[in-house]
Amino acid sequence: MSDSNKTLLDIRDLSVDYETDSGTVYAVRNLNLSLGYGESLGLVGETGAGKTTTALSIMQLITDPGKYKSGEIYFEGRDMMTLPEMEKRIIRGGEISMIFQDPMTSLNPVITVVRQIAEVISLHENITPDDARKKAIEMLEVVGIRPDRADDYPHQFSGGMCQRVVIAIALACNPQLLIADEPTTALDVTIQAQVLELMKELKERLNTSLIMITHDLGIVAETCDRVAIMYAGNVVETAGTESLFTRPMHPYTTGLFDSIPDLDSKEKRLKVIPGLMPDPTLLPVGCSFAPRCTFACESCERNKPTMVEVHPGHWVACPVVVEKGGVSR
Amino acid sequence: MSAKSNENLRGVVLRFSKNRFAVLGLILIILFCLVAVFASHIAPYSYEEQDLLNTLMPPSSEHWFGTDEFGRDIFSRIIYASRVSLKVGIIAVGIGMIVGGILGAVSGYYGGWLDNLIMRAMDILLSIPSILLAIAIAASLGPGVVNIMIAIGISSVPQYARIVRGSVLSIRSQQFVIAARAVGGRDFHIIFKHILPNCMAPIIVQATLGVAWAILNTAGLSFIGLGIQPPIPEWGAMLSSGRNYIRDFSYMTLFPGLAIMITILALNFVGDGLRDALDPKMKR
């Protein structure tokens, strides 16, 4: 967190639609998000909240039927939306890297792992193939894979090892920003911890900013400085990790915390948030969460809530809880 | 670079050599190629030398495979014919595979109007029977070995385009392709380095079968006078000229038929072996 007051990434008013046969899916709606140098942000939300779409938008990798409807994405002051394709390619992999959810499918099955790492290096650096290979082997050692496994193919590795290779690819060119899209969802718990530990360590060492996309609040508590809670294509609450965990404000956030099973309580049923995420083709006019919210009033159903700063650095988009000064749990 | 590519190449060679049928196929193909190159040294007679006193002779110690209706030695003709047939078969398939492969890959990768344009054009070509198409192309280019290869190559383009497009479509949406874009790969790089190596299996199978198809089609074209001009021998043409005598002198069709069959079998063995050897998952 060397100079986190300066912003590395600034997303303003981003909207992304998927135009499908069954209607337009409003995947991301007027999203605002910013990230400082060296900062790590947890992007939390349930399936379909638009987390991955946001990540792909930052990389400018949204393809048909996805469309950018509005917004600017400033990365180091340059608007990714308007950059020519050639410069986007230089940024992808070189300055922003992405780790995908399933490590087994994000590696090419017919290319050895060392060549896949060397490929990124030679795409972004003016380097001879031999030096690229040397550097790739160094990267493998950094993520804890023995050099004698360098010429193996991805199917000869376990899921956790594959994710290490993916991390090596992502960090091979010292990117400014690393986007990890549920990097541990496909791994079992012990490997999860190892991979998270590795990511945390490398992030510190290389001073990379991190966007950690997850639906696991535990991972956020462990790795992130700041959290943004996403619901139906928008950020509903953003705060420092500690502030969010001690004073969750938005009814959705408190619902998320409540739905984590508690060993001490005697209740037989889990506390779930009633209802489902709204149909992304038919978002409510007002607050997207209003249909499921116990605090919803008439004005919630009519007006889009705006973000209000309730504590320093703690923003929430819910006028009702702001008025009441928080939800009692 | 050299160290690692040697390593991989050695793996492929090792896996290939473990497949006995593939090795047998390769030996046969090399043998046929040597025969083609040294035809003039191996053949006991010239391919056009007629011996009108000894027409339609059955196989004997003098004429191993017998003689045809003009008294030409069938053994010598088959040896000389391997030159034309192998060349036409392999080069025609090469043309079809490269042109069709590129069209199919571009079509499958980009999709949209480009895909529509290319694939509708391929549909038009496919709606014409391929032999008719080859006849039309050969007729407009005129007879000759090179023109035959072009005609047969072009008429096989749609098949390769379809196969490659189908494979590319299934590979394109896989995560490692998105990941390759996410590290800044260019489209060209992604198509040729990430997608096509993953669709080699159906292409190799189609190509090895395609050689047989090309040799037989050359025969068809030769038969109607658009292909290889007599007296230059060619397996397919020998097969079709022997057809008139098949009742009494079946060896006239038997030997060129065997030559085609063995070539195709050998190519299929090699194709299968190659497909398995190139697939790293087959490695133990």
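Which residues have the most contacts inside the largest nonpolar core? They are Ile117(A), Leu140(A) and Ala168(A), in a core of 162 residues. Such a core is a set of buried Ala, Val, Leu, Ile, Met, Phe, Trp, Tyr and Cys residues joined through C-beta atoms within 7 Å. A residue is buried if 20 or more other C-beta atoms lie within 10 Å of its own, exposed if 12 or fewer, and partly exposed in between, with C-beta atoms placed from the backbone.

The model is predicted: local features need pLDDT of at least 70 and side-chain atom pairs count only at pLDDT 80 or more, whereas totals for chains, interfaces and linings use all residues. Residues are numbered from 1 along each chain as its sequence is written, while chains are lettered from A and ligands numbered from 1 in the order in which they are written.

**Stop 1**

Select Leu140(A) first. Beyond its neighbours within four places in sequence, Leu140(A) is in contact with Val114(A), Ile117(A), Ile145(A), Pro147(A), Ala150(A) and Ala168(A); contact requires C-beta atoms, placed from the backbone, within 7 Å. Next, select residues 74–110 of chain B: this is helix α4(B), which gives the most to the core, with 14 residues. Helices (H or I, at least four residues) and strands (E, at least two) are DSSP runs, numbered from the N terminus.

**Stop 1: the sheet of chain A**

Colour the eight strands of the open sheet in the order β6-β7-β8-β3-β9-β10-β12-β11 (chain A); their pairing is mixed. Two strands pair if DSSP finds at least two bridges between them. At the edges are β6 (96–99) and β11 (308–311) of chain A, each pairing on one side only. Neighbouring strands are turned by 20° against each other on average, direction ignored.

Now select β7(A), residues 177–181. Five of its five residues are buried. On one side lie Leu177(A), Ile179(A) and Asp181(A), and on the other Leu178(A) and Ala180(A). β7(A) pairs with β6(A) in the parallel sense over four bridges, and Ser97(A) has Leu178(A) as its bridge partner. Five bridges also join β7(A) to β8(A), residues 209–214, again in parallel; here Asp181(A) stands opposite Ile213(A).

Helix α5(A), residues 159–171, lies across β6(A) and β7(A), at about 170° to β6(A). Axes are lines fitted to C-alpha atoms, for helices over the stretch in contact, and angles run from 0 to 180 degrees between N-to-C directions.

Move on to β9(A), residues 226–231, and β10(A), residues 234–240, which pair in the antiparallel sense over six bridges. Met230(A) stands opposite Val235(A) there.

**Stop 2: where the chains meet**

The contact takes 29 residues from chain A and 20 residues from chain B. On the side of chain A, select α2 (85–91), α3 (113–124) and α4 (129–142), each supplying at least two residues. The largest share, five residues, comes from α3(A).

**Stop 3: chain B**

Finally, display chain B alone. Chain B has twelve helices and zero strands. Its C-alpha atoms fill a box of roughly 75 × 45 × 30 Å, taken along the principal axes. Buried residues make up 43% of its 284 residues.

Methods:
Two residues are in contact if their C-beta atoms, placed from the backbone, lie within 7 Å.
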